[in-house]
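Open the model in your viewer and keep the selection panel at hand. This tour goes stop by stop.

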Amino acid sequence: MARTNPLQFIQQVRGEVGKVVWPTRREVLLTTVMVFIMATVTALFFALVDLAIKGGLRGILSIFG
């Protein structure tokens, strides 16, 4: 593997960073809101599943207990 000197490395890094397409403020805001919405939906889903399992187990245990 060929070694490059530090100056060439810095030039290559600056060239690659220049190719990066940064998101706009609106895109960041929308994706942040979507993450919070999906986290809330997921939390509600698992809370409902937890309640259903708890109710089912209580029903089964009340029959045999």
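Start with the salt bridges: the count comes to one. The rule asks for a side-chain nitrogen of Lys or Arg within 4 Å of a carboxyl oxygen of Asp or Glu. Before selecting it, note that this is a predicted model, where local features need pLDDT of at least 70, side-chain atom pairs count only at pLDDT 80 or more, and totals for chains, interfaces and linings use all residues. Residues are numbered from 1 along each chain as its sequence is written, and side-chain values use heavy atoms, with hydrogens and water left out.

**Stop 1: the salt bridge**

Select Lys19 and Glu16. Their side chains meet in a salt bridge, 3.2 Å from N to O. Both residues sit in helix α1 (residues 6-19), three residues apart, so about one helical turn separates them. Helices are DSSP runs of H or I with at least four residues, numbered from the N terminus. Side chains of opposite charge can pair when their charged atoms come close.

Now colour by accessibility. Buried means under 20% relative accessible area, exposed over 50%, and partly exposed in between, with a 1.4 Å probe and protein chains only. Lys19 is exposed at 59%. Glu16 is partly exposed at 47%.

**Stop 2: the nonpolar patch**

Select Phe9, Ile10, Val13, Val17, Val20 and Trp22. They make a nonpolar surface patch of about 600 Å². Patch residues have over 30% relative accessible area and no salt bridge; nonpolar side chains (Val, Leu, Ile, Met, Phe, Trp, Tyr) are joined within 5 Å. The areas come from the Shrake-Rupley method with a 1.4 Å probe. Phe9 is found in helix α1.

**Stop 3: residues 28-53**

UniProt, in an unreviewed entry, places the feature "transmembrane region" at residues 28-53. Such annotations may be inferred rather than shown by experiment. In the model, this span is 100% helix and 0% strand, and its end C-alpha atoms lie 37 Å apart.

Next, select Thr31. Thr31 lies in helix α2 (residues 25-64). Is Thr31 buried or partly exposed? Thr31 is partly exposed, at 48% relative accessible area.

**Stop 4: the aromatic pair**

How many aromatic pairs are there? The count is one. Select Phe45 and Phe46: ring centres lie 5.2 Å apart and planes meet at 70 degrees, so the pair is edge-to-face. Rings pair if their centres lie within 6.5 Å; planes over 60 degrees apart count as edge-to-face, under 30 as stacked, and the rest as tilted. Phe45 is partly exposed at 49%, and Phe46 is exposed at 52%.

Definitions and conventions
Helix = DSSP H or I, 4+ residues; strand = E, 2+ residues; numbered from the N terminus. Patch = residues over 30% accessible without salt bridge, like charges linked within 9 Å, V, L, I, M, F, W, Y side chains within 5 Å. Phe/Tyr/Trp six-rings, centres within 6.5 Å; stacked < 30°, edge-to-face > 60°.
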